[in-house]
Amino acid sequence: MRAVYWAGALLCALALAAAASGAGTSTPGVSPTEIVIGGTIPLTGVASSFRSVGLGASYYFKYVNAHGGVNHRKIRYIIKDDQYDPALTMDKTRELVEQDHVFAIFNSLGTEHNLATRPYLNAVGVPQLFVGSGGRTFGADYKQYKWTIGYQPNYLAEGTIYGREVAKTTPKASIAVLYQNDDYGNDLLAGLKHGLGKRAKQIVSKQSYNADDPEVRSQIARLKSSKANTLMIFATPQFAIQAYRFAYQLGWKPKVYVNVVASASNVMNLAVLASSKKEVEGSISIVFLKDPSDPRWAKDPGIKLYRAIMKRYKDKGTNVNDVYNVYGMSVAHTFVQALKKAGKSPTRASIMNAATHLTIKNDPFLLPGVVVRTTPNDHFPLDQARLERWHNGHWASFGGLFRVR
Amino acid sequence: MRRAAGIVLWLAAVAAALAVFLLLPHLVSDFHTRDLASAGAFFIAIVGLNLLTGYTGQISLGHGALMAIGGYTTAALVVHEHWRDVWTIPLAGLAAGIVGFVVGIPALRLSGLYLALATFAFAVAMPSLLKKFSGLTGGTQGLRFLESAPFQVTGLKGTVTVFGHTTTQNHFLYYLTWGIGLLGFAVAWLIVRGRFGRAFRAIRDSEAAAASSGVNLAAYKTLAFAISGVYAGVAGSLVAIQSEIVNPLSFTVLLSILIVVGAVVGGLGSLPGLVLGALFIQYLPSIAAHVSTRQGVPEFVYGAAIIVVIILLPGGAGGLLRRLAAPLTSRLYTRP
């Protein structure tokens, strides 16, 4: 009988609700001396090769802070490790917003990961700036998600470029596609079909893998058995390297197109080590950044600045030739420009307004001619790229600058 | 007289526990209450596991998979059927209870390590099963409440109003989780004190003796699995509601092992220590990461901490509590 009372008491306790806590009126994360922003990066786990996207940005902020910051405010950029697990991204993002009281979420990496946090950030009105994903939705669906803006050229457009290039240069090609089974891979695949137009039926085989699969050996074997002569690798670095390796082991030598998220020179060099020079030679990708290992940029002021920043601020064990550092610096550069435009006392609304009124022609880390441009109706900051071909241990770009949509 | 003193002591303990439950959110930051809510979900799963392992002697390394059943039941109802998230909790418990019952059937023939292995296999297979039925489960990407059914999420904008009281979403989740947790705790307490509890303990101590005393082994073992499954399902459902997203990575083998660790640290075969077991598995990872984030260090600290706790507290936190309380209570209950 006593127990019944307990149960009753507990139920009463359940029904009790606590008073709401009051919220301040000042902009979170903005003090007279500091701007606090944060984002999630897979510092560990299957996609840890993307860690430089966050680290590169953090080095650039250190450089800016050492030169007086922005409007006398230093930028503090908190990176949380989400291990490339969207559920963790959600937890860590919430922690950044509710515990660290960041001004904005910046440069969080991954398509599924940003999709997971987007409704939350838009519900609470926290800017989700320069998403580290080429998912088209981050630029296209700004009417529904007004606090979100992307950064890099979108995957649909990238796929379209490859499709057009195949249709133009090898119209009789039979195509095999390896793609990640999520919005990122599906966007690239849809773009490829779009670019191929009526030749889309020349895609003779397509195989997907899951981001948490250990390897893609069986997928590559199935793709090879389709007797295709062209292979599209729409995969993250680890799986792209495996794709080269397993194709090589099976004695398959297709013409390879490799997506930009896996085409950093250091990744390609690993692919060469994992397979052979011949296997990787002639691979095609797109490029919008200056690759630090490309001898053409050795004397370029942008890459010189990049090397100076890396020398001064980089952590032990960071590879200077990793192009993702350059990406991180470019996106950080864009954030700094937006912050300058957002006024002396920036608010979440003013940074969003600034981020959607950008014209940055002098980003030192982007290819010459590439402009960061946004308008209230254009949430795709980067939409230009060039094709590049892997030759003798280096990328060489060819053709003109594409505008991709 | 002594009995009255015992009751007073009990009342004081329960009142103190209730006071902590009600006041704790006001002593820590709003965000922190969410971590506490997450510990609450662990607590529920651990209470369930303790009924099965601590009281009935049936080892399960598959409770993470039962939590997955609960979590995905909630997620599927919210995302596909547009149920309000909190109303799915009973169904999540029921679904996991049924699965728990089915998992319990092999336990009739397997015992000890073999049962541990069989349930472990269930936990290992669960993420792959979830990926297999991607139409229902969303495959690798899982199910995202906020994107697919934002209006079914309680507290989308950060506040929740219950019976006229407005509170933050984090506080709401805390009271919801620990409210259910304490209710579950009370139910477990009633179970172990009653006829079922005696039967469970008899099975744990000697199956032959239990059977010869008229305990129906098959019925009670599967019942223990089913009850334990209900707890795990409710816990999984709360995990899903708190994360607002489920994917196969949310319910890995590691989760199953964590629940066992929590039950062992909390004290198998006792209930009050389990709160500490839940807090242990909730906070140890971040404490371990505080020591150093160098590669391998958090894992090492984590493992070392578990070993130290098990060496120092062989009966878990529950054993420690018993030892601390012994001088107070031994005189109350021993008759001259």
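Chain A is divided by its domain assignment into domain 1 (34-153 + 298-386) and domain 2 (155-287), the bounds coming from an automatic or database domain assignment. The model is predicted: local features need pLDDT of at least 70, side-chain atom pairs count only at pLDDT 80 or more, and totals for chains, interfaces and linings use all residues. Residues are numbered from 1 along each chain as its sequence is written, while chains are lettered from A and ligands numbered from 1 in the order in which they are written.

The C-alpha centres of domain 1 and domain 2 of chain A lie 28 Å apart. Their contact takes 20 residues from domain 1 of chain A and 18 residues from domain 2 of chain A, two residues being in contact if their C-beta atoms, placed from the backbone, lie within 7 Å. On the side of domain 1 of chain A that touches domain 2 of chain A, at least two residues each are supplied by α4, α13 and β12 (384-391) of chain A. Here helices (H or I, at least four residues) and strands (E, at least two) are DSSP runs, numbered from the N terminus.

An open sheet of four strands in chain A has the order β2-β1-β3-β4, with parallel pairing; two strands pair if DSSP finds at least two bridges between them. Its edge strands are β2 (74-81) and β4 (128-129) of chain A, each of which pairs on one side only. Strand β3 (residues 104-106) of chain A is joined to β4(A) by two bridges, and these strands run parallel. Opposite I105(A) stands Q128(A) in β4(A).

Helix α12 (residues 301-313) of chain A has 13 residues, which at 1.5 Å a residue should span 18 Å, and its end C-alpha atoms are 18 Å apart, in agreement. The expected span is 1.5 Å times one less than the number of residues. In α12(A), the buried residues are G302(A), I303(A), Y306(A) and M310(A). A residue is buried if 20 or more other C-beta atoms lie within 10 Å of its own, exposed if 12 or fewer, and partly exposed in between, with C-beta atoms placed from the backbone. The buried residues of α12(A) pack against α2 (51-66) and α13 (323-341) of chain A. The face turned away from the buried side of α12(A) carries the exposed residues P301(A), A308(A), K311(A) and R312(A).

Between chains, 33 residues of chain A are in contact with 40 residues of chain B. On the side of chain A that touches chain B, α1(A) gives the most, with eight residues.
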